[in-house]
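Work through the exercises below with the sequence and the model open. Each task is followed by a solution in steps.

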Amino acid sequence: MSFAKHGRASSTRGVKNLNIVVVSPEKFGNTAADIVQRVTENTEAPNITFPTGDSPLPLYRELVNRYQHGKLSLANVQAFGLDEWGELEPGHPIRCISRMKTQLYSETDIPVEQIYYLEPNTDDLDVHCEAYDKRIADMGGLTLSILGIGINGHIGFNEPGSKATVRTRKIQLADRTLNVSQKYGFDKTPSWGVTLGLATLLESKEILILATGAHKAEIVHLTVNGPETSDVPSSLMRRHPNCTLLLDEAAAQLLKK
Ligand code: GLP
């Protein structure tokens, strides 16, 4: 594998099919937004997963900016939440759906009736999760899965140990996830979450994984160059035929030049 580092985006095919793109932090949001805009303009009703966390923030800022300047519409998007914390009451500001509303949904023209999300406070969570997968399947599957990478390689809340065949479900959060999630300012950090499963994500037509910052360099290196294993769920994404890993220079620093 090789990749060039420029001010402009540089791109190369890494292990298997992975398309690795490295950009400066200033260009990160723009590059990601170009991919989302291409999908929204070329698909009648794209089904897109939206993650929370820090990694997608430059993307969301740029999508909002383009919408405000009349350069982009998300009116045809069917938006699917990627994951959700358990143990938080509906409307809690740290909930993923609350953050997505603030950071993207309410700031653009995605119609509310086209926003779908996982609701952990459900009588029968297994049935709810199954229905979420079924809804996606009935709507033709995911068009684009936008994903972050946890510091332990989790994708959504598919923690280490998650196989490529798992579907949407409740999951106990890993200790490293609980530590990192202190940054959200929980009074009491939830011990479990609900997540779209790796199998549903791997069936997506296209995947865009976002990672920024030096603290992601080690897991990015393992994702690209380590063994393909459920111990590092992000490494399983390499088997997808159309997966882009978009990195800033700090996150890419351990990849071979
Ligand atoms: C969180 C979320 C993921 C997110 C990941 C990375 O716990 N469950 O969906 O992609 O961790 O977060 P960040 O982008 O803040 O590093």
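**Exercise 1.** Which residues lie nearest the centre of the largest pocket, and how many residues line the pocket?

Solution. The model is predicted: local features need pLDDT of at least 70 and side-chain atom pairs pLDDT 80 or more, while totals for chains, interfaces and linings use all residues. Residues are numbered from 1 along each chain as its sequence is written, and side-chain values use heavy atoms, without hydrogens and water.

Step 1. A pocket is an open set of points on a 1 Å grid over the protein atoms alone, where a 1.4 Å probe fits, with protein on both sides within 12 Å along at least five of seven lines; lining residues have an atom within 4 Å of a point.

Step 2. The lining has 28 residues, and Thr52, Gly53, His154, Lys183 and Tyr184 lie nearest the centre.

Step 3. Two or more lining residues come from each of E5, H3 and helix H5 (175-180).

**Exercise 2.** State which residues of helix H3 are buried and what they pack against.

Solution. Step 1. Buried means under 20% relative accessible area (1.4 Å probe, protein chains only). In H3 (residues 96-103), Cys96, Ile97, Ser98, Arg99 and Met100 are buried.

Step 2. These buried residues pack against strands E3 (47-50), E5 (83-85) and E6 (115-116) and helix H2 (57-68). Helices (H or I, at least four residues) and strands (E, at least two) are DSSP runs, numbered from the N terminus.

**Exercise 3.** Name the residues of H2 that make the contact with H1.

Solution. Contact means heavy atoms within 4.5 Å. H2 contributes Pro58, Leu59, Glu62, Leu63 and Arg66.

Conventions. Buried < 20%, exposed > 50% of the residue type's maximum accessible area, 1.4 Å probe, protein only.
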